[in-house]
Amino acid sequence: MRRSRYLLNTLKETPKEAVVVSHQLMLRTGMIKQLASGIYTYMPFGLRAIRKVERIVREELDRAGCIELLMPSVQPAELWEESGRWKDYGKELLRIYDRKDNAFCYGPTHEEVVTDVVRREVRSYKELPLNLYQIQTKFRDEMRPRFGLMRGREFIMKDAYSFDVDDTACDASYWLMFDAYKRIFERCGLEFRPVEADSGAIGGSFTHEFHVLASSGEDQILSCNHCDYAANVERCEVVEPSPSSPETANEPIKVATPGQKTIEQVAEFLGVTAKDCVKTLLVKRDSDMLVLALRGDRTLNEAAVKAAFNLPVLEMVGEDEARALGLVPGYLAPMGLDPSLKVVVDPEVLAMTEAVVGANEEDRHVKGVCPAVHFDAHQVMTLREAEAGETCPRCREGILESWRGIEVGQVFKLGLKYSTSLGATYLDDQGKSQPMVMGCYGIGITRTVAAAIEQNHDENGIIWPAQIAPFHVALLNLDPEDEQVSAAADSIYSALGKRGVEVLHDDSTERPGFKFKDADLLGFPIQVVLGKRSLNQGLVDLKMRRTNEKRSIALAECVDAAVDALRELGWE
């Protein structure tokens, strides 16, 4: 493609509305243009990268035995009412009405529709397993769309759905897709981690998220430096110490701590550390409250608490409400409380022998507490989040390392959630009707492109992985009005094209400095540069964008050199 005939306009300045790097660079490189809040036109340069990701996804899913279809983006409310999600999904669901006042939604996902397809088409166990997928535009009415394609309202997504006869078969489909996802992101040239995660509002019993590693990532993940274990911090397991079991426990000592309410204040006032203290929290339930106790330096794992006690949200008891119940915020302890209060203690707390806790009195704390002896624990469970530097809970040899990740894909084992509510059944080999066991598998196509930029950029612009670069080579003609230079450039352009290399030939009359900066901004993996001065010596220059390595190569050898360099970068 010749730059003079291509629709591509770049910006020198960063638009003020763009905060994250991918949004900034996608606007500056003309990849996207905003139409409305969270809704973008994919311009030609950006669409090429999107299509590259789509191609890789299709090839790997076809290889895994999946079958592509395309379902309507507008879905009738009746299906969502059958599944129970019409009311439960929330305001992110864009509800629309036709001229007859029939309710529809613009699909954010397609569990209902695909289950309806399969319940109408599949009758026998002989037709299973079945895995259907599509690549389609979705819409979620985000309250605060931001970060460009990282969290927009309209986006392109690949969603796939597996149907199996039982749990064992569903597990096989799940891991088949897990492996396909690994191949997809490897082929996209991205550094990523599959991590154990929470299934959230979509439901299901088991799930992994796939995260592209980037310092700007919204999610914290922990991964072992010795084995393959990785998990979202909220899902990550911990190695718990054994509880202390002293033959005798010293009598705790009550001390005055006037005005010292926080863990940090108490620790400093008493000359101890936060890990020597116990943090006591009050969490609301429908008819009562939970009393949670964890070590003072730890962070509460809210997702684990919500899952364990079936809480839709985690809401702390306010200070006024606590005082109305006779409790003293800032000086609480899980001992000597009303027996009706459910006390839940982290195992790490029960391993402490000389803890500092509240005295359940204003301006008083207690030193020398042995929680295993003195606490009134009704339940013991892990309440804290895991942290970097801890021992891996799986191999027990490695150490957990912390990363920031951008979630680009997720695989769910849904089980019977949708097949039961929507009546997706099959006849088994005994002629009995059985519900199908489902899996669900999503990849954010446009989000993957944005994540690739978040991971691969420098101060000059994008650094595309060769596998998903909109163009592989920028061919920069520095003297387009010179017939000899232009003829050589046209020859290189043609020869690279015949080798399957996608080239953007900058044949514009812009100054060389502009062309160099623009090529760096646009992120072509390789730049082939020729001008009158170098060509008079029979040479062209080749620049590697990632390393900024430059070398002069004989004109006759430059096509082979560019192809070889691309292959070293993982070009397929």
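**Exercise 1. Determine the handedness with which α2 passes α6, and describe how the two helices pack.**

Step 1. The crossing of α2 and α6 is right-handed; a crossing has this hand if the near helix is turned clockwise from the far one by less than a right angle, and is left-handed if anticlockwise. Helices (H or I, at least four residues) and strands (E, at least two) are DSSP runs, numbered from the N terminus.

Step 2. The model is predicted, so local features need pLDDT of at least 70 and side-chain atom pairs count only at pLDDT 80 or more, while totals for chains, interfaces and linings use all residues. Residues are numbered from 1 along each chain as its sequence is written, and side-chain values use heavy atoms, with hydrogens and water left out.

Step 3. Helix α2 covers residues 44-63 and helix α6 covers residues 167-187; they pack at an angle of about 150°, with axes 9 Å apart. Axes are lines fitted to C-alpha atoms, for helices over the stretch in contact, and angles run from 0 to 180 degrees between N-to-C directions.

Step 4. The two helices are therefore roughly antiparallel to each other. The classes are roughly parallel under 35 degrees, roughly antiparallel over 145, roughly perpendicular from 65 to 115, and oblique for the rest.

Step 5. From α2, the residues Arg55, Ile56, Val57, Glu59, Glu60, Leu61 and Arg63 meet Met177, Ala180, Arg183, Ile184 and Arg187 of α6. Contact means heavy atoms within 4.5 Å.

Step 6. Sorted by class, the residues of this contact are six nonpolar, no polar and six charged. Ala, Val, Leu, Ile, Met, Phe, Trp, Tyr, Cys and Pro count as nonpolar, Asp, Glu, Lys and Arg as charged, and the others, Gly among them, as polar.

**Exercise 2. Describe how α13 packs against α2 and against α1.**

Step 1. Helix α13 (residues 445-455) packs with α2 at an angle of about 115°, and their axes are 9 Å apart. This crossing is right-handed.

Step 2. Ala49, Ile50, Val53, Glu54 and Val57 of α2 make the contact with Ile445, Thr446, Thr448 and Val449 of α13. The contact has six nonpolar, two polar and one charged residues.

Step 3. Helix α1 (residues 21-28) and α13 cross at roughly 105°, and their axes come within 8 Å. This makes α1 roughly perpendicular to α13.

Step 4. Val21, Ser22, Leu25 and Met26 of α1 meet Val449, Ala450, Ile453 and Glu454 of α13. By class, the residues are six nonpolar, one polar and one charged.

**Exercise 3. Locate Lys261 and describe its surroundings.**

Step 1. Lys261 lies in the loop between β13 (253-256) and α7 (263-270).

Step 2. Its relative accessibility is 37%, so Lys261 counts as partly exposed.

Step 3. Not counting residues up to four places away in sequence, Lys261 touches Val266, Glu319, Arg323, Pro329, Gly330, Tyr331 and Glu362.

**Exercise 4. State the backbone features of Asp101, Arg396 and Pro129, and where each residue lies.**

Step 1. Asp101, a residue other than glycine, has a positive phi near 65°. Asp101 is in the loop between β5 (94-97) and β6 (103-106), and counts as exposed because its relative accessibility is 59%.

Step 2. Arg396, also other than glycine, has a positive phi near 60°. Arg396 is in the loop between β19 (379-380) and β20 (400-415); at 54% relative accessibility, Arg396 counts as exposed.

Step 3. The peptide bond from Leu128 to Pro129 is cis, with omega near 5°. Pro129 is placed in the loop between α5 (111-121) and β7 (130-139).

Methods
Buried means under 20% relative accessible area, exposed over 50%, partly exposed in between (1.4 Å probe, protein chains only).
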